[in-house]
Amino acid sequence: MSVFIVLLRAIGPITHKVMSMAQWREAVAADGFVAPETYVATGNMIMRGDGTLAAVTTRMDRIVRDLGLGPGNKAVVRTPGQLRTLLRANPFPEAAITRPSEIGVYFFAGVRPSFEWIKDYDGPESIHIEGQHLIVDYDGRGSNSRLPVVIEKKSGVVTARNWNTLRGLVERSAVRNT
C-alpha cells in the first residue's frame with residue numbers, strides 16, 4: 001500500500017454545507033482506503049491505498065461526486081515524494097521563511113499543463129516552474145492578483161496551496177510513510 005495526498009479543487013464554506021471533511025473521510029474509508037486523514041478544512045487528505053495516481057484520482061473524483069459535489073471539485077492526487085521535491089526546490093527561500101502564506105504552489109489536474117505563456121507574463125509576481133507545478137511568490141499581492149485566473153485559463157484545471165500547507169502535508173505524510 002502506498003501513501004497518497006489528495007488536494008480537492010474549489011473547497012470552501014459553500015462546499016462544506018454539501019460535504020463535510022468527516023463525510024469525506026468516511027466515504028474514502030468505505031471505498032477501501034486506509035486511515036484517511038484530512039489536513040486543515042480546505043480539501044487536503046492523506047491516506048493509504050492501492051493503485052496508480054490515475055486510478056486513485058478516478059476513485060476520489062467518484063467519491064466526491066457521490067457526496068454531492070460538482071465536476072468543478074476535481075481531485076488532484078500526488079505522492080509524498082512529489083510534494084517533498086516541491087518543498088526541497090524552494091525557489092523563494094527568504095519568502096518561505098518570512099511570508100510562507102504568500103507563496104502559492106499550483107497543482108494541475110492535467111498531466112502536461114502548458115507553461116508557454118509564462119515567458120510573456122509581465123505581472124509583478126515571481127513564477128517558478130518545478131516539473132508539472134508552478135510556485136508563485138505573490139510578495140504581498142496575492143489577494144489582488146489576477147494571476148490565479150490566468151494560470152487556470154492558460155494551463156488548465158488547477159488547485160493551489162500555500163507554502164505552509166505544502167510543508168504541513170509533507171510533514172504529515174512523512175509520518176504516514178514510515
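Me: What should I know about the model and its numbering?
Reply: The model is predicted, with local features needing pLDDT of at least 70, side-chain atom pairs counting only at pLDDT 80 or more, and totals for chains, interfaces and linings using all residues. Residues are numbered from 1 along each chain as its sequence is written, and side-chain values use heavy atoms, with hydrogens and water left out.

Me: Which residues of helix α2 are buried?
Reply: Buried means under 20% relative accessible area, exposed over 50%, and partly exposed in between (1.4 Å probe, protein chains only). In α2, residues 21-30, the buried ones are Met21, Trp24, Ala27 and Val28. Seen down the axis of α2, they fall within an arc of 125 degrees, so they line one face of the helix. Glu26 and Ala30, on the other side of α2, are exposed.

Me: How are two packed helices described?
Reply: By the angle between their axes and the distance between the axes. Here α2 and α3 (residues 53-66) pack at about 130 degrees, with axes 10 Å apart. Angles under 35 degrees count as roughly parallel, over 145 as roughly antiparallel, 65 to 115 as roughly perpendicular and the rest as oblique. The pair α2 and α3 is therefore oblique.

Me: Which residues make the contact of α2 with α3?
Reply: Contact means heavy atoms within 4.5 Å. Trp24, Ala27 and Val28 of α2 meet Met60, Ile63 and Val64 of α3.

Me: Where does Thr165 lie?
Reply: Thr165 lies in helix α7, residues 163-176. Thr165 counts as buried because its relative accessibility is 12%.

How values were computed. Helix = DSSP H or I, 4+ residues; strand = E, 2+ residues; numbered from the N terminus. Arc of directions from axis to C-beta. Axes fitted to C-alpha atoms, helices over the stretch in contact; angles between N-to-C directions.
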